Amino acid sequence: MATDNLRNTDASRPLVELKDIRKSFGGVKAVDGVSVNLYPGEVVALLGHNGAGKSTLMKMLAGAYPIDAGDTLIAGEKVNIRTPAEAQAQGIETIYQTLALADNLDSVANLFLGREKMTAWNTLDDHFMEVQARKVFQRLNKNFSNIRIPVRRLSGGQRQVVAISRALYFNARILIMDEPCAALGPEETAMVGRLVKQLKDDGVGIFLITHDMPDVFSLSDRLAVMKNGKLVGTYRTADVTEDEVLGMIIAGKRPEGKAQAPHAITAATGATGATGATVTATA
Ligand SMILES: Nc1ncnc2c1ncn2[C@@H]1O[C@H](COP(=O)(O)OP(=O)(O)OP(=O)(O)O)[C@@H](O)[C@H]1O
Ligand SMILES: [Mg+2]
């Protein structure tokens, strides 16, 4: 895949550096000077109340909204991501809160949406896409077989499989998950958890937006809390309690006597970053 080489990333260097990022909608400062880093093999939970600016910050990284001000560095290089295609070219894949699936198309078409595989005769290579899609879907859910019906007829968990499959198949090195478990049952939530751990081991960096405290504490290495567009603080998850996190989310109050962690402690993430290709079902 095009992004294979993007995974060979030094674990001691941030994959993503967002510096003093700003975005206003009319008079609303949705994101107001936020800086946050993400390292290979690391999960950073992005937390905050409704309207805190989490999705807006991630949409700028994903190329869905232009940045008003601030800098984005990917693997140490300053980039200007203006479209989702430019984000994808950097190895950034996004699973949106709304999943952003084309409801009338089937799962195979959704996996390859905008990145269709063509034959030498410039027709859609349906056979190739179906074989590849089946492989990647079944890795996530062995029982997922009705891949040729419109996705609007699938269950929430199956739709989630389709959305996550895009990130897997196209070899994301940076994954943004915006409330990936919000509409899922316990079994499907556990599946997402296992997948996050697998991607971490492969050196993928993950921004995880969630309101779910158990997910925060079981999946994230660090957490960054936003309130009213501003960053309250960034901490190692192991250094803070649930009450302290809730205090930051609700009152914008930083925990006393706790050191912030704007950078990962790389030894703790254990990322090798060199074996990313094992996740993908490439031909
Ligand atoms: N496209 C838009 N046009 C106008 N205002 C917007 C737009 N997107 C977001 N906003 C505003 O920006 C602020 C931040 O919204 P955002 O969706 O980023 O919050 P969030 O932290 O993701 O919240 P939630 O937990 O509800 O998803 C809110 O005040 C919201 O109303
Ligand atoms: Mg949101």
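View 1. Arg 22 stands opposite Asp 32 in strand S2. The model is predicted: local features need pLDDT of at least 70, side-chain atom pairs count only at pLDDT 80 or more, and totals for chains, interfaces and linings use all residues. Residues are numbered from 1 along each chain as its sequence is written, while chains are lettered from A and ligands numbered from 1 in the order in which they are written. Strands (E, at least two residues) and helices (H or I, at least four) are DSSP runs, numbered from the N terminus. Strand S1 (residues 16-25) pairs with S2 in the antiparallel sense over eight bridges; two strands pair if DSSP finds at least two bridges between them. The open sheet has four strands in the order S2-S1-S4-S5, with antiparallel pairing. S2 and strand S5 (77-79) are its edge strands, each pairing on one side only. From one strand to the next, the twist averages 30 degrees.

View 2. Eight of the eight residues of H1 are buried, so the helix is largely enclosed by the rest of the structure. A residue is buried if 20 or more other C-beta atoms lie within 10 Å of its own, exposed if 12 or fewer, and partly exposed in between, with C-beta atoms placed from the backbone. Among the buried residues are Lys 54, Leu 57 and Met 60. Gly 63 follows H1 and has a positive phi, near 80 degrees.

**View 3. The shell around ligand 1.** The residues around ligand 1 include Phe 25, Val 28, Gly 48, Asn 50, Lys 54, Ser 55 and Thr 56; a residue is near a molecule or strand if its C-beta atom, placed from the backbone, lies within 6 Å of it. Strand S2 (28-38) and helix H1 (54-61) each supply at least two residues of this shell. The largest share, three residues, comes from H1. By type, the shell divides into four nonpolar, six polar and one charged. Ala, Val, Leu, Ile, Met, Phe, Trp, Tyr, Cys and Pro count as nonpolar, Asp, Glu, Lys and Arg as charged, and the others, Gly among them, as polar.

View 4. Strand S3 (residues 43-47) and strand S8 (residues 205-209) run parallel and are joined by four bridges. Val 43 has Ile 206 as its bridge partner in S8.

View 5. Val 245, Met 248 and Ile 249 are the buried residues of helix H8 (residues 242-251). Seen down the helix axis, they fall within an arc of 95 degrees, so they line one face of H8; the arc is that of the directions from the axis to the C-beta atoms. These buried residues pack against S3, helix H7 (213-219), strand S9 (222-227) and S10. The face turned away from the buried side carries the exposed residues Asp 243, Ile 250 and Ala 251.

Terms used:
Contact = placed C-beta atoms within 7 Å. Axes fitted to C-alpha atoms, helices over the stretch in contact; angles between N-to-C directions.
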